[in-house]
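Please study the sequence and the structure shown below.

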Amino acid sequence: SRTRFPSISPATNWLEPSELPRYMPVPAPTIVLRRIVQFQVTCPVVEMPYTIPDARNAMSALLRRTPRPTAVLCGNDILAFGALQECLWAGVRVPEDVSITGFDDIDMAAHCHPSITTLRVPAFDVGAKAGELLLAALRTGSCPPAIRIELELVVRATTAPPAAPDSVARLRKGRLRDRTS
């Protein structure tokens, strides 16, 4: 199984990009990683503005780490696309060398190459439930209880079991092609 998997997430505050922490070794706060955190595994979380170039920069930094990640969990499909593009530019094979997942299942995730594995969010259901809860809160004057929304894992071409040992050895040596080649 994959054992080193950082997360690239949208920035959670309104700071300027230069003020954002570039690398924070904290337990990943995403629901997908809850089980990992339960076993006290610390995963790097890289917070980025919501742009493809920033996701590429984050992925570039993660690829320079030793050991390199074997999977990257992205907080949305835009960030997953940026991470994927950086891997393609750097000569890192997806999913053989690194798996990448997104979140949202926007149309682009299914139509890029390779297509992005993601979690589908039932946006209509979320909006309808939010409306119901808001109306109930206005009616009762109390805060509604927390609810759970079921997500659907959409497995596509950016995830696979870990690579064979010879590929892992190549990754550990840090061979990456220059971005401009």
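Helices (H or I, at least four residues) and strands (E, at least two) are DSSP runs, numbered from the N terminus. This is a predicted model, in which local features need pLDDT of at least 70, side-chain atom pairs count only at pLDDT 80 or more, and totals for chains, interfaces and linings use all residues. Residues are numbered from 1 along each chain as its sequence is written, and side-chain values use heavy atoms, with hydrogens and water left out.

Both K129 and E132 lie in helix α5, three residues apart, about one turn of the helix. An α-helix has 3.6 residues a turn, so residues three or four places apart point the same way. K129 and E132 form a salt bridge, their closest N and O atoms being 3.6 Å apart; a salt bridge is a side-chain nitrogen of Lys or Arg within 4 Å of a carboxyl oxygen of Asp or Glu.

A second salt bridge to consider joins R120 and E152, with the closest N and O atoms 3.0 Å apart. R120 lies in strand β6 (residues 118-120) and E152 in strand β7 (residues 152-154), so the pair ties together parts that are 32 residues apart in sequence. R120 and E152 also belong to a network of salt bridges that links them with D105 and R156.

The side chains of D97 and R93 meet in a further salt bridge (2.9 Å, N to O). D97 counts as buried because its relative accessibility is 2%, whereas R93, at 34%, counts as partly exposed. Buried means under 20% relative accessible area, exposed over 50%, and partly exposed in between (1.4 Å probe, protein chains only).
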